[in-house]
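Here are some notes for a colleague who is opening this entry for the first time. Please keep the structure in view while reading the points below.

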Amino acid sequence: MITGHYGSGKTNISANLALEAAENGEKVTVVDLDIVNPYFRTADLKDMFSQKGIELIAPSYANTNLDIPALNFDLERIASGGDVHLIVDVGGDDDGAVALGRFSEPLNNCGDLEMLYVINRYRYMTREPHEAEELMYKIEAASHMKHTGIINNSNLGSETSAETVESSLDYAKELSERVSLPIVFTTAPARLGMDSSRFKSVNVLVKPIWEK
Amino acid sequence: MKGNEALAEAAMRAGCKCFFGYPITPQTELAAYMAKNMQKNGGVFLQAESEIAAINMVLGAASTGVRAMTSSSSPGISLKSEGISYIAGSDLPCVIINVERGGPGLGGIQPSQADYWQATKGLGHGDFHLLVFAPASVQEMVDMVVKAFNKADEYRMPAMILADGLLGQMMEPVTFPEIAVEMPDKSGWAADGHKNKREHHIINSLYLTPEELEKTVVDRFARYDVIKEKETDAELYLTEDADIVVCAFGATARVVKSAVNDAREQGIKVGMFRPKTLWPFPEKEVQKACANASKVLSVEMSMGQMVDDIKLALSCAKPVEFFGRTGGVIPTPAEVLEKIKAMGGNN
């Protein structure tokens, strides 16, 4: 389960994790659970997923003109579907996490579950650790689920530098201590070639049409 | 920040004290941000019962001299048009944000620029104009909101930010300029309480004799002439030696710039003209941009609207072609490049 602030990079992280798992030979299903965001969503990556043999489940209204916050699939059944690495891209903020709430009971019982909170210290409304903490608890309240870890995805889009990444570490550490959750990894854009023992290299897959 | 959030934050920093809105995709994050933060900033947020109510609340707030704003997306702006005409007819400053989506009618929720005509030619009944700013990045959204408030006050007229859903929804880094909010003196007209110490200030757009109304409108148009002279703004990109000049505004200009760079790599002499103000339209700037060009192309997310203003500005002295996608479809850099080549872009 990937949660976080609007625009914190949930979709990009979900896609990177899915590709990595698929390359390791796992059977992967990505679920686009976003009911709040009209554009820049997992469903945009449909073609890439299908080339890599990754199953994508998205609301059938995603990327259409029908502005309906509805899910027409059963996450409970998908989650109990057996030997699949399931990655759920949850909508932004507590508003988006509401959709998860409906499935909290079966998901909480499904055992091998990680719920990861994506943070970006450069996001205007979560610049301070206490702001990121407040939002994290709001997401938990809305989803009736508890996070198990933090992904530090602090970035400034195409302007991200090594320094951008490095100077987010204290912020992530402070949040981690405040909420007593581990930092699962800190991301760095692949183009920076940063130390892979310290950072998880990610490709920027979600981008505007003029950068494609 | 997300474009919509940046618009909201910039407005608060520019001294906006009243925001009245109503949700509509793809601008809802703007109103949501205002709902969360306006009160903390000592302002008022109110979700009105409709777009029409919201614009009339802006009229009321602006009448008292405070900085007021509303935002919506295309169908919602149509609903506001009566109120916008009344605001223009009452010589009131305010800022209106349109994060455009596909139309006509309910249309769709994907990005569009098909409200160009509406914004620049006919946003309401009667003889009047709005200042119209067209940002092409999240940073420009911030800068233009501040400018819109300042210019609206300076000229006592409504100003619009004409953005599109793509800009509203996208994430980009922004910096906020240090804004020292300097409110102009509105004591000569604002209806902020006479306290029995002065005559009533009356905010009104009704005139009982045609001669009086004519004079008011003519005086207003004299002000518009000053604005046309002083307030145009545009970006000229690689136009000096360009054989083809591609014109685009807003998010489409980002696509076009990418196509221009690709064409240049192939040795094609092409440049870009990007108006930052749509009214007043930067006529002198487009004439300068196209001075050495043999052909001009307008690329828009519509069936072709700005293209008319380019033809007028160039007095139809050069062929002006059009390429567009509409209904929420975004043109790609590859499509624009193909069109440039089809126009016989010379190496």
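Across which strands of chain B does helix α11 (residues 306-313) lie?

1. This is a predicted model, and in it helix α11 of chain B lies across β8, β9 (270-275), β11 and β12 of chain B, running at about 155° to β11(B).

2. The strands β7-β9-β8-β11-β12 of chain B form, in that order, an open sheet with mixed pairing. Since β7 (234-237) and β12 (320-324) of chain B each have a single partner strand, they stand at the edges, and so one side of each is left without a neighbour in the sheet. From one strand to the next, the twist averages 20°.

3. Within this sheet, β8 (residues 244-247) and β11 (residues 295-300) of chain B are parallel and share four bridges, and Val246(B) has Leu297(B) as its bridge partner in β11(B).

4. Elsewhere in chain B, strand β1 (residues 16-21) runs parallel to strand β2 (residues 44-47), with four bridges joining the two, and Gly21(B) stands opposite Gln47(B). Together with helix α2 (residues 28-37), these strands make a right-handed β-α-β unit.

5. The domain assignment divides chain B into domain 1 (3-193 + 215-230) and domain 2 (234-342), whose C-alpha centres lie 26 Å apart. The area buried between these domains is about 2,400 Å², with 57% of it from carbon and sulfur atoms. Gln113(B), Tyr116(B) and Trp117(B) supply 29% of the area that domain 1 buries against domain 2, more than any other three residues.

6. Four salt bridges are found across the interface of domain 1 and domain 2 of chain B.

Conventions: Residues numbered from 1 in each chain as written. Chains lettered and ligands numbered in written order. Predicted model: local features only at pLDDT ≥ 70, side-chain atom pairs only at ≥ 80, totals over all residues. Heavy atoms only, no water. Pairing = 2+ DSSP bridges. Right-handed = clockwise from strand over helix to strand, strands pointing away. Axes fitted to C-alpha atoms, helices over the stretch in contact; angles between N-to-C directions. Contact = heavy atoms within 4.5 Å. Domains from an automatic or database assignment. Buried area = accessible area lost by both parts, 1.4 Å probe. Salt bridge = Lys/Arg side-chain N within 4 Å of Asp/Glu carboxyl O.
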